[in-house]
Amino acid sequence: MRLLLSLPIAALLVALAGPVAAGPLDMAGAPQAVVCSACHGFAGQSRSNAMPILAGIAPWYFKKAIQDYAAGKRTSPEMEPYAKMVLQSGVDDIAAYFAAQARTPSPVKLDPAAVERGRAAAAQCTVCHGAAGKGDPSKGVPDLTGQPPGYLRTQMLLFKADRRSPGDDQLKAVKALMRTIPDEQFSDLAAYWSSLR
Amino acid sequence: MKQSTRREVLRASAWAGLGLVATGCAPKVSDYAQKPGRRVIVIGGGWGGASAAKYVRLADPSIEVVLLEPNQEFVSCPFSNLVLSGVRTIESLTFSYDGLRAHGVRVLHETATMIDADRKRVHVGRNALPYDRVIVSPGVEFQWDQVEGLAAAQDQVLHAWKAGPQTVELARQLQAMPDGGVFVLTIPPAAYRCPPGPYERTCQVAWYLKNNKPKSKLIVLDANPNIISKTALFRAAWANYPNIEYRGSNKVVKVDPGTREVTTELGDKVKYDVLNLIPPQRAGTIAVTADLVGADKRWCEVNHLTYESVKHKNVHVIGDSTIGLPVPKSGNVANAMGKISALAVVSLLNDKPVPTIAPGNTCYSWVSDREAIAVVNSYKIDGGKVVQIEQKLTPGQSEAWAQNAVGWANSIWADVLS
């Protein structure tokens, strides 16, 4: 009787103790990336308005951002030290880790009217970023979809003021475009691109 | 302790495996007198301990995690200076431990009283909880005896250096102080929790007084010769607050709540209407009783890769109670140490190599109701030791940094607790 009762329990224990599927921190780059999660969220799923989502980010774009921050081309007192740290702790693995994470869009609430105004004004962006906002790696154009609107707006303002990567030839066109856009429209554009999935 | 029969162990294993111990009713310490499988006990549910508990579960859900934290809720020290100025409420900084429970962490609102490192047991009152490894994140304890008259006046002389009821009471005293009153803030000698914290508090109290009690004065008595963190940025911020009277190298050695007076090492007596005395600090009490502190009797030395104590095996120490790493005693560092120690502990329990990870430090200070400054430090592991790569400061104060501060806080609170 005792043995019979114990069998299902023993079976359960064996099942529980059996080999566990690869966990969320088993991938190369994941252990180093836990330092990033303080600001960018676990697995790069930023929940705040200020910090970009790193989950699902294209490795080429992540690496360029890290290199530009480390070199001081993208000026950020927060990111410059951390970018140097990422370069020293294995940027390829960390980039591959974030790229492998499925992106959960930003939970920052959007004003539907701003999204609609943004949609009407977004045609100029689609020339490079595409109608779906997914970008084009071959031209060095990143995916905008689902990013927090606060982050997108800040980047547009930095482009307009030429404070992001000054002298970068790849960014000449986007900066020229930003200079034609009135500041108050950036919130609408940011809301629209943030709303896309 | 009574030897368990195989049947009891099996039953305990099954219950634990099914996650039934914690369902239905609050778990009790006595539920954990047996250890059915591998177990990590985390002592202290602050920034370090809560992060460690969560990340052990994330890295290996087959490991049972028991978190011992006496407080029912988590109250954030970062941003709590804003409660003094009325910019934030304490409720906006108070969070539940339910997020950790959702990760399968067994949260027990109890105080660990002793660690028996030889027998690998944590004592909670009369119960002894076995562990495979223990992560100790006890924060700081105040050295009441370092200031004459303080031990007997603990209830009247507020530190507000552990966010909670004292923060709210200090804000109430500040609001109740008559215009023309003197607020005295005293800063202990380094090392203490949150190096820039007292100077941020200076900004918040001065901002409040400037806007609400313009005839009042804030006297800052600093045991250190000068501002010890973000020095130039705080000096620049204080230019907006002529109501601050800062006195460096003014260590307070005596307090008399009867005459409402503090005495400095130099013998100067300073009268106050409201006093905020931040006492000298050491590692939390369990670190002392468990013989984890070094020769200084204050702080704990650890391995820089695993955070294992240099004094006791299988006992890891993180957060403000550590010493010897070139990092500040900050919430961000405690969060990083919690995560890194968790991955180290999981690796050690699975006989895998410990990953090489250094912490980082992102630290914002509010200098008014809407502007902030920041310092950021990154680190690497070099020769088995944590070494700084770089420190960067914001070039000035701005609303943009304050927005980043809010983003940081929302992100890291989630990283610690949900």
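Domain bounds, as I use them here, come from an automatic or database domain assignment. The model I am reading is a predicted one.

**Entry 1: chain A, overall**

I started with the assignment for chain A. It gives domain 1 (27-102) and domain 2 (112-197). I then looked up how far apart the two domains sit. The C-alpha centres of domain 1 of chain A and domain 2 of chain A are 20 Å apart. I also checked which residues meet. In domain 1 of chain A, 14 residues are in contact with 13 residues of domain 2 of chain A. On the domain 1 side, I noted 7 nonpolar, 4 polar and 3 charged residues.

Next I looked at secondary structure. Chain A has 11 helices and 0 strands. Its pattern along the sequence is therefore α-α-α-α-α-α-α-α-α-α-α. Of the 197 residues in chain A, 43% are buried. I looked at contacts between residues at least 6 apart in sequence, and 68% of those in chain A join residues at least 24 apart.

**Entry 2: two helices in chain A**

I picked a helix pair to study. Two packed helices are described by the angle between their axes and the distance between the axes. How do α7 (residues 112-121) and α11 (residues 186-195) of chain A pack? I found an angle of about 95°, with the axes 7 Å apart. That makes α7(A) roughly perpendicular to α11(A), because angles from 65 to 115 degrees count as such.

I listed the residues that make this contact. From α7(A) come A:A114, A:V115, A:R117, A:G118, A:R119 and A:A121. From α11(A) come A:S187, A:D188, A:L189, A:A191, A:Y192 and A:S195. The residues of this contact divide into 6 nonpolar, 3 polar and 3 charged.

I stayed with α11(A). Is this helix mostly covered or mostly open? It is mostly covered, and 9 of its 10 residues are buried. Among the buried ones are A:F186, A:L189, A:Y192 and A:W193. I looked for what covers them. The cover includes α7, α8 (123-129) and α9 (149-160) of chain A.

**Entry 3: chain B, overall**

I moved on to chain B. I counted 10 helices and 24 strands there. Its C-alpha atoms fill a box of roughly 75 × 45 × 40 Å along the principal axes. I also looked up the radius of gyration. Chain B has 22 Å, which agrees with the value near 22 Å for a compact globule of 418 residues. Of those 418 residues, 51% count as buried. Among contacts in chain B with a separation of 6 or more, 70% come from residues 24 or more positions apart.

**Entry 4: where the chains meet**

How many residues of chain B are in contact with chain A? I found 40, and they meet 35 residues of chain A. Several elements of chain B each supply at least two residues of this side, including α1 (6-18), α2 (47-59), β23 (372-382) and β24 (385-393). The element that gives the most is α10(B), with 9 residues. On the chain B side, I noted 18 nonpolar, 16 polar and 6 charged residues.

B:Q391 touches A:P81, B:V375 and B:N377, leaving out residues up to four places away in sequence. B:Q391 counts as partly exposed because 14 C-beta neighbours lie inside 10 Å.

Most residues other than glycine have a negative phi, and most peptide bonds are trans. I looked for exceptions.

- B:A190 and B:A191 are joined by a cis peptide bond, with omega about 5°. B:A191 lies in the loop between β11 (182-187) and α6 (197-212) of chain B.
- B:F79 is not a glycine, yet it has a positive phi of about 85°. This residue lies in the loop between β3 (74-75) and α3 (81-84) of chain B. B:F79 is buried, with 22 other C-beta atoms within 10 Å.
- B:S249 is not a glycine either, and its phi is positive at about 50°. This residue lies in the loop between β13 (244-247) and β14 (252-256) of chain B. With 13 C-beta neighbours inside 10 Å, B:S249 counts as partly exposed.

Notes:
Residues numbered from 1 in each chain as written. Chains lettered and ligands numbered in written order. Predicted model: local features only at pLDDT ≥ 70, side-chain atom pairs only at ≥ 80, totals over all residues. Contact = placed C-beta atoms within 7 Å. Helix = DSSP H or I, 4+ residues; strand = E, 2+ residues; numbered from the N terminus. Nonpolar A, V, L, I, M, F, W, Y, C, P; charged D, E, K, R; others polar. Rg over C-alpha atoms; globule rule 2.2 N^0.38 Å. Buried ≥ 20, exposed ≤ 12 C-beta atoms within 10 Å, placed from the backbone. Axes fitted to C-alpha atoms, helices over the stretch in contact; angles between N-to-C directions. Parallel < 35°, antiparallel > 145°, perpendicular 65-115°, else oblique.
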